[in-house]
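Here are some exercises to work through with the sequence and the 3D view side by side. Try each task yourself before you read the solution.

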Amino acid sequence: PKAGVFASGQGRTVGSLIASRILDDDPPPAYDGAGSCFLAVSSTEAAWVGCTFLGENGPDVGLGPVSAAATADMAGWEQDWQAFRI
């Protein structure tokens, strides 16, 4: 998978692995290839999409209902993302 959400998940796993080595602790579980995002269907409706690419039985993809509420959730997520600073 090449979307940013998967790179972010992999990055968290790598960070946890590095921390576990520094702290001489048990390593975290391997990255499971899971991620989710919003899919804009129109200017007023969106849906949530989630998937796990590295599952035991292959990729597993789910699509939530298309709704205006999902559009509002997407807008909130975008606002939080744009406000994030390190």
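**Exercise 1. Decide whether Cys51 is buried or exposed, and find out how many disulfides the structure holds.**

*Solution.* Step 1: Cys51 has 14% relative accessibility, so Cys51 counts as buried (buried means under 20% relative accessible area, exposed over 50%, partly exposed in between, with a 1.4 Å probe and protein chains only).

Step 2: turn to Cys37, which has 42% relative accessibility and therefore counts as partly exposed.

Step 3: look at the sulfurs. The cysteine sulfur closest to that of Cys37 belongs to Cys51, and at 7.3 Å it is too far for a bond. A disulfide is a pair of cysteine sulfur atoms within 2.5 Å. The structure holds zero disulfides.

A note on the model: it is predicted, so local features need pLDDT of at least 70 and side-chain atom pairs count only at pLDDT 80 or more, while totals for chains, interfaces and linings use all residues. Residues are numbered from 1 along each chain as its sequence is written, and side-chain values use heavy atoms, with hydrogens and water left out.

**Exercise 2. Work out the strand order of the open sheet.**

*Solution.* Step 1: the three strands come in the order S1-S2-S3, and their pairing is antiparallel. Strands (E, at least two residues) and helices (H or I, at least four) are DSSP runs numbered from the N terminus, and two strands pair if DSSP finds at least two bridges between them.

Step 2: find the edges. Strand S1 (34-40) and strand S3 (60-63) each pair on one side only.

Step 3: zoom in on one pair. S1 and strand S2 (residues 46-52) run antiparallel and are joined by seven bridges. Within this pairing, Ser36 stands opposite Gly50 in S2.

**Exercise 3. Find which residues of helix H1 are buried, and explain why they share a side.**

*Solution.* Step 1: helix H1 spans residues 4-22, and its 19 residues reach 27 Å from first C-alpha to last.

Step 2: the buried residues in H1 are Phe6, Gly9 and Ser20. They cover an arc of only 65° around the axis, so they are on the same side of H1; the arc is that of the directions from the helix axis to the C-beta atoms.

Step 3: check the opposite face. Turned away from the buried side are the exposed residues Gly4 and Ile22.

Step 4: ask what does the covering. S1 and S2 are among the elements over the buried residues of H1, where contact means heavy atoms within 4.5 Å.

Methods: Expected span 1.5 Å × (residues − 1).
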